[in-house]
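I am opening a notebook on a structure that is new to me. I will write down what I look up, in the order I look it up.

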Amino acid sequence: MAKRRLRTGPTAALPAKPDPAELLRIVRLADPGAKKDGDDIVATDVRVYAPVEAEPELTGGELEKVWAVRVAAEGPLPLNFFDRYLAEGLAFRLKGLAVCRGEVSDPADEEESGPAVILPTRPTAEELAPLLEQDEEDEFAFRAGDIRAVLVPEKGQPPAVQELLPFAVELTAIELRGDEPAKLGALALELAEALNGLVVDRWRFRIDAAEELVPPTRE
């Protein structure tokens, strides 16, 4: 595949060719309705192209072998950067790098954001009290030890949380920040269980176990 074509959409650059079934399973964490279309996968507003072998130059030589999984918009550009998030989330789970607009990044190194608990309605401080302590200076901020939690309206409707939508009044995210991914994940899952929500990672992939937030070990 020509390098020019690889750069027309966000790309997950992987060190090994992913199994097609595993690739579909991971894409369905971001969009449960994703389905196969020939060798490709079609998700919400995007097409995930079948892996192709690429030159190491795609990652600036960071990977000795590269299998490129390109994500391209189907029609208008996807809302809320779904194509870029999909490529980055795939790269994170498959021990790869993300390439977007010619820039190479390692999703495992990003520490600015953490998981979020998506809820169908905005919770009250009383509902959060068993697990979170209210910040005295900010009515939308809470803490649990060294973990900070912020209550924000969820922008758009991430495909991963479609099952909440029939009951949703006002999709709300509790965004968690801290230094220990597994600890963040454990609290997020507790909040989701208590408040009938779903946990997603920073790329809006659904999370069902705390360890899914821990960067995979690379060989």
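Which residue just after H5 takes a positive phi? I found asparagine 196 there, with a phi of about 60°.

Before going on I noted the conditions. This is a predicted model, in which local features need pLDDT of at least 70, side-chain atom pairs count only at pLDDT 80 or more, and totals for chains, interfaces and linings use all residues. Residues are numbered from 1 along each chain as its sequence is written, and side-chain values use heavy atoms, with hydrogens and water left out.

**Helix H5.** I looked up its length next. Helices (H or I, at least four residues) and strands (E, at least two) are DSSP runs, numbered from the N terminus. H5 covers residues 181-195, and its end C-alpha atoms are 21 Å apart, which agrees with the 21 Å that its 15 residues should span at 1.5 Å a residue. The expected span is 1.5 Å times one less than the number of residues.

I then listed the buried residues of H5: Leu184, Gly185, Leu187, Ala188, Leu191, Ala192 and Leu195. Buried means under 20% relative accessible area, exposed over 50%, and partly exposed in between (1.4 Å probe, protein chains only). These residues cover an arc of only 170° around the axis, so they lie on the same side of H5. The arc is taken from the directions from the helix axis to the C-beta atoms. Glu193 and Ala194, on the other side of H5, are exposed. Among the elements covering the buried residues are E11, E12 and E14.

Two strands pair if DSSP finds at least two bridges between them. E10 (residues 133-134) and E11 (residues 141-144) pair in the antiparallel sense over 2 bridges, and I counted 6 residues between them in the hairpin. Glutamate 133 stands opposite arginine 143 in E11. E11 also pairs with E12 (residues 147-153), antiparallel, over 4 bridges. That hairpin has 2 residues between its strands, and glycine 145 in the turn has a positive phi of about 65°.

**Valine 200.** Is this residue buried or exposed? Valine 200 counts as buried because its relative accessibility is 1%. I placed valine 200 in strand E14 (residues 198-200). Its C-alpha atom is separated by 5.7 Å from that of proline 115, 85 residues apart along the chain. Leaving aside neighbours within four places in sequence, valine 200 is in contact (heavy atoms within 4.5 Å) with residues including Pro115, Ala160 and Phe205.
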